[in-house]
Amino acid sequence: MATSSELAQLPILTEKPHHVPSVALVGNPNAGKTSLFNRLTGLRAHTANFPGTTVEHRRGRIHAGEQSIELIDLPGLYSLDALTPDEQVARAAIVGEITRHPAPDLLVLVLDATNLERNLYLASQVLELKRPTLVALNQIDAAEQQGLTVDLAALSAKLCAPVVAVSARTGQGIEQLTEKIGAVLATPTAPTFDAAGCACDACHGCSYAARYDWAKQVRLSSVQGADEPHSPLTDALDRVLAHRWWGLGVFGVVMLLTFMLIFWAAQLPMDLIDGAFASLGETVGGWLPAGDLRSLVADGVIGGVGGMLVFLPQICLLFLLIALLEDSGYLARAAFVMDRLMRKVGLPGKAFVPMLSAHACAIPAIMSTRMIEDRRDRLATILIVPLMSCSARVPVYALVVALLFPHDPVRAALLFAGAYVLGIVAALGLGWLLKRTLLPGESTPLLIELPNYRVPSLRNALITTVDRAWVFIKNAGTTILVISLILWALATYPHTDLADLPAERQAAINAAGDNADALLAQAQLERSFAGRIGQVIAPVFAPLGFDWKMSVGVVTSFAAREVIVSTLAVLYGVGEEGAENGSLYDSLRTATHSDGSLVFTSATCLSLLVFYVLAMQCLPTQAVTRRETGGWRWPTFQLVSMSVMAYVAALTVYQLATLFGKT
Amino acid sequence: MVKIADPLEARGLTLSQLRSGTAAVVSEVRGAAGDISRLQALGVCQGRRVEMMQAGDPLIVRVVGSKVGLSHRLADSVIVCTETCPTQTARV
């Protein structure tokens with residue numbers, strides 16, 4: 001349906017040469033609304049927030065003949081009672097109460113043909129608004145498979161609105177739907193759904209029961225086939241997947257496989273991105289004269305952005321797999337079986353998706369908390385997910401484990417796993433505490449639709465993935481860029497030249513031969529702002545067993561925790577390459593305090609590990625928390641609570657380990 | 001309208017007490033207004049037939065053609081009757 005005039009129409013959003021009619025899709029969460037939206041718009045859509053809210057919707061252009069139409073996909077709804085933020089915003093959007101968003105010219109009510117009666121409940125509320133409405137009867141192919149036949153004319157008469165049967169999955173009826181949208185927009189019909197015309201005498205502001213009675217009557221008069229259609233396959237699968245014990249077992253296996261797939265499949269693209277940015281930095285650096293500008297572009301900008309984009313493959317895979325699991329119907333079962341366990345710490349079953357996602361990265365995890373309806377539950381989940389061991393912690397864990405158990409793979413693996421367990425336990429503990437103090441009140445009891453299982457659509461999942469990944473890049477990317485530049489400046493200025501150093505150090509560097517660059521870099525970082533800040537705050541971290549170099553690392557890794565490894569590499573004089581070829585480990589193992597005692601004792605290593613499991617140390621996560629909670633209050637709380645927790649825990653571990661002579 | 005004891009209600013079951021494979025008709029939904037609205041929007045509403053698919057906590061019912069999972073506590077607030085609902089007409 002693309003036309004050659006498409007490009008010329010793109011800037012219309014800002015101009016107003018003529019009115020572009022808008023059409024909004026309204027329907028139940030599992031009615032296939034999003035599939036229909038993707039079918040109609042293809043890839044020409046983008047995600048946006050309604051002003052002043054965190055409620056997302058997607059919009060895109062479609063064309064009916066010559067006419068260009070703005071299509072809006074509203075959040076899925078069960079009712080217009082305005083109980084949840086999604087419902088409030090969707091209702092406001094339909095009636096045009098949102099600033100700069102006039103009421104849509106036409107509503108397309110998406111109904112699931114296989115579950116018509118329940119869908120008609122929302123339909124009765126939407127039709128009552130008396131907005132021009134067109135009904136898209138979706139999943140008509142599945143209904144036919146279940147032996148249902150729908151009398152479209154009868155249904156249309158009952159609903160007082162035109163009805164088009166479609167299947168977003170097969171594409172059946174999509175062209176007719178587009179044509180009908182164009183036709184209705186050309187001659188907007190006044191909505192006629194009312195008591196007199198449409199036999200819903202009790203429907204105006206009536207009780208729920210009367211709406212369902214009406215829905216049943218409409219279904220009986222327009223659908224022929226099984227009285228209560230159901231899928232035997234779904235029931236059979238649920239006997240295992242939703243089972244009290246089997247369900248948990250299957251859930252564990254599914255999650256394990258998901259994670260193995262994420263870490264395995266993301267490895268190659270991550271290496272490629274890493275390599276690409278490294279060579280890009282070198283190439284671009286080669287074009288620029290040596291000096292601050294080259295360092296700014298190569299290390300600050302390219303290094304900083306590359307450091308974030310390297311996690312993108314994992315994040316995309318995570319989004320993709322979650323979208324597929326959700327589309328298949330399994331995610332609802334997982335929330336169902338996990339609910340009993342999660343309740344014990346006061347969180348809803350739905351919180352498991354963010355908690356698992358956070359093991360790759362806290363940012364997509366925080367974005368995925370949107371599926372939790374209750375505001376307090378959602379906030380509690382947002383606050384605890386950064387405690388999960390994300391990918392960026394892995395380099396730090398790897399460093400500590402290699403220092404402690406270089407020749408003992410079993411103990412190394414146990415310590416590694418222990419770090420993950422510590423993160424999970426701390427998160428659940430914090431959740432439990434939050435629900436009893438700052439966010440009191442019982443969480444909303446579980447109530448979830450368990451839709452029929454179906455083969456998920458890869459196309460829809462890919463579109464969702466691209467959308468979400470783009471939001472991640474825009475959010476995290478801009479923050480990361482700013483932070484990278486600030487940190488670069490802190491680590492670069494004031495600039496130290498070889499001539500500025502005391503004579504004996506100059507001599508040492510001159511005598512070092514191959515190692516001269518690394519020693520100069522060490523001296524430069526030591527004398528930079530970051531280095532000075534680290535030395536000033538070193539007494540604060542001394543009770544944790546950290547020397548001043550590690551304190552500098554805490555400063556430089558404030559915005560992105562994995563930076564500690566390269567900072568230690570520079571400060572211990574092995575250069576950044578040393579972090580990769582293992583010379584860092586040798587250098588750290590032999591490092592001594594001024595009194596000659598070893599720096600990296602077992603106690604210090606454990607303390608460093610515990611600190612990095614629990615500390616916030618990730619500004620992009622905080623930026624996303626701010627976006628999702630609408631202010632700096634909760635990101636500040638997150639930073640303070642996690643930092644205090646990390647400090648106290650690391651202090652305890654160090655002091656206990658020292659006390660019991662584990663040196 | 002203060003009732004001390006309603007013999008019909010005393011005989012009524014809650015949804016959480018239904019055994020797997022049995023069906024009943026909802027006669028009343030009690031509890032917090034928000035919870036009631038959420039239940040009703042999914043079809044757990046006066047006069048609807050509910051079928052217990054899997055008892056326990058949480059439990060699964062089929063109502064108005066779709067499967068719904070809900071916590072035992074929420075199901076406790078739904079009064080059902082396994083045959084006809086004598087109170088239904090009286091309440092409307």
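**Exercise 1. Is A:R39 buried or exposed, and why?**

Conventions come before the solution. This is a predicted model: local features need pLDDT of at least 70, side-chain atom pairs count only at pLDDT 80 or more, and totals for chains, interfaces and linings use all residues. Residues are numbered from 1 along each chain as its sequence is written, while chains are lettered from A and ligands numbered from 1 in the order in which they are written.

Solution. 
- Step 1: Helices (H or I, at least four residues) and strands (E, at least two) are DSSP runs, numbered from the N terminus.
- Step 2: apply the cut-offs. Buried takes 20 or more other C-beta atoms within 10 Å of the residue's own, exposed 12 or fewer, partly exposed in between; C-beta atoms are placed from the backbone.
- Step 3: decide. A:R39 is buried because it has 22 C-beta neighbours inside 10 Å.
- Step 4: list contacts (C-beta atoms, placed from the backbone, within 7 Å). Leaving out residues up to four places away in sequence, A:R39 touches A:A168, A:G171 and A:I174.
- Step 5: check the sequence gap. A:T170 is 131 residues from A:R39 in sequence, yet their C-alpha atoms are 9.5 Å apart.

**Exercise 2. Describe the side of chain B that touches chain A.**

Solution. 
- Step 1: count. 29 residues of chain B contact 26 residues of chain A.
- Step 2: assign elements. Two or more residues each come from α2 (33-41), β4 (59-63), β5 (66-70) and α3 (72-76) of chain B. The largest share, seven residues, belongs to α2(B).
- Step 3: sort by type. This side of chain B holds 10 nonpolar, 12 polar and seven charged residues. Nonpolar means Ala, Val, Leu, Ile, Met, Phe, Trp, Tyr, Cys and Pro; charged means Asp, Glu, Lys and Arg; the others, Gly among them, are polar.
- Step 4: β10(A), residues 447-450, is antiparallel to β5(B), with four bridges. A:L447 stands opposite B:L70 there.

Methods:
Contact = placed C-beta atoms within 7 Å. Pairing = 2+ DSSP bridges.
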